[in-house]
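Hi everyone, thanks for making the time. Let me put a structure on the screen, and then I'll talk you through a few things in it.

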Amino acid sequence: MVIIGGGPGGYESALVAAQLGAEVTVIDRDGVGGAAVLTDCVPSKALIATADFLSRFESAGRLGVGFEGTDDDQHAEANLVQVNSRIMDLAAAQSRDIQAQLESVGVRVVRGTGRITGAHEVTADLVDGGTRTFTADTILVSTGTSPRVLDTAVPDGERILTWQQIYDLKALPEHLIVVGSGVTGAELAHAYLGLGCEVTLVSSRDRVLPGEDADAATVIENVFRRRGMKVLNRSRAQAARREGDGVVVTLEDGREVHGSHALFAVGSIPRTKDMGLEEAGVELTPSGHIVVDRVSRTSAQSIYAAGDCTGVLPLASVAAMQGRIAVAHALGDAVAPLNLRGVCANIFTDPEIATVGYSQTDVEEGRVEAQVVTLPLSTNPRAKMRNIRDGFVKLFARPGSNTVIGGVVVAPQASELIYSIGLAVQNQLTVDQLASTFSVYPSMTGSIAEAARRLHPLEV
């Protein structure tokens with residue numbers, strides 16, 4: 001098996017393939033772990049964790065905690081050079097750990113750019129020069145995506161930035177304009193606000209996080225505004241230019257937003273060009289994504305694909321699952337098709353938003369019938385102890401069977417809390433089974449159990 005791309009879809013599938021006895025080669029250009037480890041997920045979440053740690057100092061007074069000295073001494077500041085250095089060191093260490101794990105099970109890692117040159121042939125243009133060709137019974141493509149760039153706002157790596165370039169900054173921006181209010185834009189706007197920047201978030205939609213649960217997105221937008229972020233709704237960016245020591249972002253309606261830096265988070269494009277995919281018979285969408293079925297097969301025999309380059313769902317966990325499913329199918333192991341209803345997803349704002357299964361939109365648009373209960377965290381004793389004022393738990397249950405079919409958690413560390421609801425959705429547990437499972441008192445998970453109890457069916 002030859003795997004093109006060493007991100008989560010690639011390295012996770014390589015580990016499974018090696019375990020099943022295959023001879024595995026991974027061709028990767030930038031470092032094992034891919035963008036998820038080197039420039040996207042791991043660095044951005046580390047940046048957010050730093051900002052969240054810093055915010056604890058600001059909230060200490062509400063817990064009755066003070067600091068010795070004068071008022072002028074009672075603050076903390078982020079040294080961005082040290083912060084970014086730590087983040088990049090962490091990402092590099094994670095990449096080395098993954099490569100060591102691959103090599104320990106016999107996977108061959110080749111530094112280069114892979115392209116399909118025959119029905120069962122992959123050629124790698126090596127980083128250190130030259131080429132090398134590999135034959136393969138099975139080929140897996142997991143090349144990911146790169147940030148979408150506007151022709152009218154070309155990044156320069158200094159003042160106009162993509163989310164992959166922010167770790168080269170030598171000082172905190174005085175005023176960061178974040179263009180794009182999807183997951184990446186909202187997360188990074190939150191991070192830099194927490195680090196002490198003035199932040200303006202430009203959103204082309206009615207609210208931030210337009211693809212998420214509306215109640216959850218409203219909580220996040222209200223928190224953003226309360227903490228001093230300027231949110232421009234229904235404001236589509238048209239262009240950006242440098243002007244002196246700053247930038248100017250021009251909106252479609254003619255307004256101009258002035259700042260020191262601009263960060264564009266306006267989507268991504270698949271890395272599928274010039275790889276020989278179409279020549280090999282692999283069907284692509286008009287956007288360039290690879291068309292796959294639920295076991296990760298492409299339209300070409302013995303060629304599979306996984307991860308963001310397929311456009312299925314841009315999450316590292318989904319990429320890894322697609323890769324594992326592809327390997328199991330190719331090598332004849334037991335396999336179940338990809339089930340997106342069981343995917344737990346998280347947005348790392350503060351509070352976080354975690355979701356699984358069917359959503360409020362699914363219910364409102366008639367795709368599924370469900371009973372819904374929402375429980376605010378303001379009644380949770382652990383939340384009160386931790387001075388948590390924003391957030392809720394929302395559960396969806398199917399009438400009749402009373403099975404849990406979805407959930408939303410808005411809370412600090414919601415990414416850790418959603419797992420229990422994910423287990424319920426994946427294994428079709430009823431609300432009574434979820435409610436009858438012991439939770440610790442006091443705990444945030446107690447609100448999940450309480451929400452399930454409130455969905456207990458009453459006989460009429």
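A word on terms first: buried means under 20% relative accessible area, exposed means over 50%, and partly exposed is in between, with a 1.4 Å probe and protein chains only. Please keep in mind that this is a predicted model, where local features need pLDDT of at least 70, side-chain atom pairs count only at pLDDT 80 or more, and totals for chains, interfaces and linings use all residues. Residues are numbered from 1 along each chain as its sequence is written, and side-chain values use heavy atoms, leaving out hydrogens and water.

Cys197 counts as buried because its relative accessibility is 5%. Cys309 is buried too, at 0%. For Cys309, the nearest cysteine sulfur belongs to Cys41, 15 Å away.

Now the domains. An automatic or database domain assignment gives domain 1 (2-146 + 269-338), domain 2 (160-266) and domain 3 (342-455). The centres of domain 1 and domain 3, over C-alpha atoms, are 29 Å apart. Between these two, 10 residues of domain 1 touch eight of domain 3, with contact meaning heavy atoms within 4.5 Å. Their interface buries about 650 Å², and carbon and sulfur atoms give 63% of that; buried area here is the accessible area (1.4 Å probe) that two parts lose on being put together, summed over both.

Methods
Disulfide = S-S within 2.5 Å.
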